[in-house]
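Subject: Structure for you to look at

Hello,

Here is the structure I said I would pass on. Please open it next to this message; my notes follow below.

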Amino acid sequence: MKLELMSILFPKSIDMEGIGTSKSHDAITASDVQTILSYKKLKEEEVNLILAKYFDDNSARTWLLKYIKSRTLEQSEVFISEQAVNPNFILTFEEHSSLAMCLWLETLLHACPTCNGVGIIKLSGYITNGIIKCEDCVAGVYVWSDKVRQRISGLNKDKYEKAKSFYNQIIDDINDIETNALEKIQ
Ligand SMILES: [Zn+2]
C-alpha cells in the first residue's frame with residue numbers, strides 16, 4: 001500500500017528497483033508527502049491519517065492519538081455530552097485513555113506482532129521441530145477480535161460489551177477519513 005501511494009504521489013522521481021535497498025526513497029521525507037497531499041486538497045485530518053498509517057510519521061501518529069482521545073473523551077465521566085453515542089455507559093478517565101490506546105493500535109498495527117507478519121511460527125526442539133500457522137493473524141495481518149480488543153483495552157467484559165458500538169463507530173469514522181483521502185489521491 002505504501003509503495004502504491006508512493007508511486008501515485010511521486011510517479012517520476014521514484015526508483016521502483018531501489019525500494020527496499022534503503023538507497024531509494026530516503027530523499028523523500030514526510031514533509032514532501034505532506035506538501036503533495038495538500039496539493040491534492042486533502043484536509044488536515046486526511047493528511048495526518050495517511051502519514052500516520054503509511055509513512056510512520058511520528059507527529060501524525062501523535063495527532064491521531066489526540067484525535068482518538070478527543071473521541072473517547074466524549075463518552076467519559078470527564079465530559080459526557082448529550083451527543084454521546086451510548087449514554088448508558090460511561091468510561092472512567094483511565095478507561096477512556098486505554099480504550100483510545102487500543103483504537104490507536106488497531107488503526108496503526110496491521111502486521112501481526114506474534115509472528116512478525118509472516119503468518120507462521122517456527123518451532124524448535126526435539127519433538128516440536130517444525131512450522132505451525134500463527135493463530136493471531138490471517139497471512140500475517142493481525143486479527144482484531146473482540147477478545148483482543150478487550151484484552152488490550154483492559155476493560156472488563158461487561159464494560160467492553162457496552163463499549164462495542166461506540167468503539168466500532170470510531171473505527172468507522174477513521175475508515176471514512178481514510179477512504180475520502182484515498183479517493184482524492186487516486
Ligand atoms: Zn501472526
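Is K164 buried, partly exposed or exposed, and why? Keep in mind that this is a predicted model. K164 has 15 other C-beta atoms within 10 Å. A residue counts as buried at 20 or more such atoms and as exposed at 12 or fewer, so K164 is partly exposed. You will find K164 in helix α7.

Next, the pair α2 and α3. Two packed helices are described by the angle between their axes and the distance between those axes. Helix α2 covers residues 30-39 and helix α3 covers residues 44-54. Their axes come within 10 Å and cross at roughly 145°, and the crossing is right-handed. On the α2 side the contact is made by A30, V33, Q34, L37 and S38; on the α3 side, by V47, I50 and L51. Of these residues, 6 are nonpolar, 2 are polar and none is charged.

Last, helix α5, residues 93-108. Its 16 residues reach 23 Å from the first C-alpha to the last, close to the 22 Å expected at 1.5 Å a residue. Several residues of α5 are buried, among them H96, L99, C102, L103 and W104. E95 and E106 are also on the buried list. What do the buried residues of α5 pack against? Their partners are α3, α4 (58-73), α6 (146-153) and α7 (157-185).

Regards

Key:
Residues are numbered from 1 along each chain as its sequence is written. This is a predicted model: local features need pLDDT of at least 70, side-chain atom pairs count only at pLDDT 80 or more; totals for chains, interfaces and linings use all residues. Axes are lines fitted to C-alpha atoms, for helices over the stretch in contact, and angles run from 0 to 180 degrees between N-to-C directions. Helices (H or I, at least four residues) and strands (E, at least two) are DSSP runs, numbered from the N terminus. A crossing is left-handed if the near helix is turned anticlockwise from the far one by less than a right angle, and right-handed if clockwise. Two residues are in contact if their C-beta atoms, placed from the backbone, lie within 7 Å. Ala, Val, Leu, Ile, Met, Phe, Trp, Tyr, Cys and Pro count as nonpolar, Asp, Glu, Lys and Arg as charged, and the others, Gly among them, as polar. The expected span of a helix is 1.5 Å times one less than its number of residues.
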